[in-house]
Amino acid sequence: MELGEALRTTGAVRDYTADAVSDESLYRILDTARFAPNGGNRQAWRVVVVKDPGVRRAIRDCYLPGWYGYLAQVSAGLVPWAVVTDEQAMAAALGRAASVAEAAAAGPGGFAEHLDAVPAMLVVLADLRNLATLDRDIGHYTMVGGASIYPFAWSILLAAREEGLAGVLTTMVVREEAAVKTLLHVPDELVVAGVLALGHPVRQPTRLKRRPVEAFTTLDALDGAPFAQP
Ligand SMILES: Cc1cc2nc3c(=O)[nH]c(=O)nc-3n(C[C@H](O)[C@H](O)[C@H](O)COP(=O)(O)O)c2cc1C
């Protein structure tokens, strides 16, 4: 597949056919993704391929509280768990998460409620001993550590395309990280970066919604002129 097309069309896919994802495919995907860039080439990622139905259900149960909290915040007009946010509004929204969960329980459920049934489930972990985190002590939320892990996750999603697969990186389980770590026997030095779902897509997106370059790129300073198409 042509690189530019892959970069422009690898959207989040949450609907999969009933076809299984073979271990051969999964192995090839990981074998390509391992070339992802990462700070100091420490390759701090670890992956747990979750096949056990009971563990999968438990992972789904760790996903759901975050999901309902997310929905409650979105319906309150918030960016869920934004680092800079209206804390009171966020707390009020989270207080409504239980009723969002109740409403969801009455319906057929979507991706979140059926997460345990995705064709392939990969939990991505990060070993904090191997994360060069340049902003760990500069007085704000850290960004750099994750940058050594998420390109790897993205490479998994891109490599999946080559196999005719598609998927999505999810992070809701991080709200229940302690439970996930217990489930997967993860020691203190590692953290949960996310859960990747993969499968054969019911449909592959072709047109993703993203802002144009001019909307996020400026010249010489953040308040400089937009970097417009020449
Ligand atoms: C760091 C990160 C966390 C995400 N977490 C979730 C998640 O927990 N659940 C989910 O369904 N999608 C999750 N997504 C997928 C995003 O919702 C998706 O990338 C975004 O809405 C753009 O979708 P599109 O590529 O289909 O346009 C996550 C994506 C990223 C990069």
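The legends below describe close-up views of a predicted model. Local features require pLDDT of at least 70 and side-chain atom pairs count only at pLDDT 80 or more, whereas totals for chains, interfaces and linings use all residues. Residues are numbered from 1 along each chain as its sequence is written, and side-chain values use heavy atoms, with hydrogens and water left out.

**View 1. The largest nonpolar core has 27 residues.** A nonpolar core is a set of buried Ala, Val, Leu, Ile, Met, Phe, Trp, Tyr and Cys residues joined through side-chain atoms within 4.5 Å, where buried means under 20% relative accessible area with a 1.4 Å probe and protein chains only. Ile59, Phe111, Val123, Val173 and Leu184 touch the most other members. At least two residues each come from α3 (53-75), β2 (120-127), β3 (166-170), α7 (177-184) and β4 (190-199), these being DSSP runs numbered from the N terminus (helices H or I, at least four residues; strands E, at least two). The largest share, six residues, belongs to α3.

**View 2. Surroundings of Phe111.** Leaving aside residues up to four places away in sequence, Phe111 touches Arg14, Tyr16, Tyr63, Val118, Val168, Thr170 and Ala197, a contact being heavy atoms within 4.5 Å.

**View 3. Packing of helix α2 (residues 23-33) against helix α6 (residues 150-162).** Their axes, lines fitted to C-alpha atoms over the stretch in contact, lie 8 Å apart at an angle of about 130 degrees (angles run from 0 to 180 degrees between N-to-C directions). The contact is formed by Ile29, Leu30, Thr32 and Ala33 of α2 together with Phe152, Ser155, Ile156, Ala159 and Ala160 of α6.

Methods: Buried < 20%, exposed > 50% of the residue type's maximum accessible area, 1.4 Å probe, protein only.
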